[in-house]
Amino acid sequence: MVSLEKTLVVMPAYNEEAAIAGVIAEVYATLPGVGVLVVNDGSSDATVAVARAAGATVVDLPFNLGVGGAMRTGFKFARSNGFDNVVQVDSDGQHDPIGVPALVEALQTNDVAIGARFAGEGDYDARGPRRWAMTVLATVVSRIAHTPLTDTTSGFRAAGPRAVAIFADHYPAEYLGDTVESLVLAARAGCRITQVPVSMRPRAGGTPSHDPVKAAVYLGRACLALVIALWRPPLALSPEATPAA
Amino acid sequence: MTVTTYVFGIVSAALVLLVVFEMLRRRRVRERHALAWIVAGAFALLVAIFPQLLTNTASLIGISVPTNLGFFIGVVVLFLVSVQHSAELTVLEEKSRTLAENVALQDERIARLEAEVRTPGQDPRA
């Protein structure tokens, strides 16, 4: 089992007072020694107080920035507080923290590890147009990243030191930026990306952030985000802390 | 063209310039944002005083109805100004996003340092 001393679990939270305490407790119980940072994304409920009481470090954004903004805050926190790795875990209990060690383990030879939902484990299932949209995205991003990826929209993912350095300054805040665009950005900067099969659970609280009916709009905007991400000049990767081949 | 329409054109263009300069004077608008409106207003005033400028240019480039040239230029100016506003909005959003992130991070850091001052030697996160 890998050491989690230098690993920070970042949980972006928007109005998650119902679920977050349980998720934090589970993370601490499952992953001894890990740092937990809750980034409150302008919640109007008691998310901050609940998360603090549960023992997490809380960074409280003054207004809602979306998952991308919350995650960039988390990456900045990791950078200035001596954490090497950042693992993004949803605050609604959808991501099982039991999958975190496998993700961190994968960071020894990669810069980004995605917890993939369709890779065999668990019973997560998306249907219809939304599933097709995810397949299209996965195919395109796999090609850009030069590695087979099946679930590019998963929010359960880990970033190693080189990726943290890039994401702390450039993590996108646009629609879908926190999933697809961030992968394109990392891949084009030269980061090594891999995926690790994880199981997902139904949400413990809160409402889903995507309506399956809007799949067509979703795919359209995702493709636009992809094209624009590919059009931008690639970012430079810092030479230090290269993961072993 | 009657005298009424001639005067109406000049007054309209002058009004545009007057409004923009008044807003500049009251610091309601910054010079860099007002520049496009000043240029457009000056151009409109010029055309209002010398309508044959528009007529001649239109026939020179083969537009049979000179007002269409006027409309076209108007649309182009409005388009450029709105694109510029979209770009500025994006810059401002990025700036406020960065500020919000840094404020939140500093809040957390201050709280941690205050706790440290109250109970020295202890890591409040431990």
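pLDDT is the predictor's confidence in each residue, from 0 to 100. This is a predicted model, in which local features need pLDDT of at least 70, side-chain atom pairs count only at pLDDT 80 or more, and totals for chains, interfaces and linings use all residues. Residues are numbered from 1 along each chain as its sequence is written, while chains are lettered from A and ligands numbered from 1 in the order in which they are written.

**View 1. Confidence in chain B and in the complex.** Chain B has a mean pLDDT of 90, with 95% of its residues at 70 or more. For the complex, the predictor gives an ipTM of 0.81 and a pTM of 0.82.

**View 2. Helix 4 of chain B, end to end.** Helices (H or I, at least four residues) and strands (E, at least two) are DSSP runs, numbered from the N terminus. The expected span of a helix is 1.5 Å times one less than its number of residues. For the 53 residues of helix 4 (residues 66-118) of chain B this gives 78 Å, which agrees with the 78 Å between its end C-alpha atoms.

**View 3. Buried residues of helix 4 of chain B.** A residue is buried if 20 or more other C-beta atoms lie within 10 Å of its own, exposed if 12 or fewer, and partly exposed in between; C-beta atoms are placed from the backbone. Three of the 53 residues are buried, so helix 4 of chain B lies largely in the open. The buried residues are E101(B), A104(B) and L105(B).

**View 4. E88(B).** E88(B) belongs to helix 4 of chain B. E88(B) is exposed because 12 other C-beta atoms lie within 10 Å.
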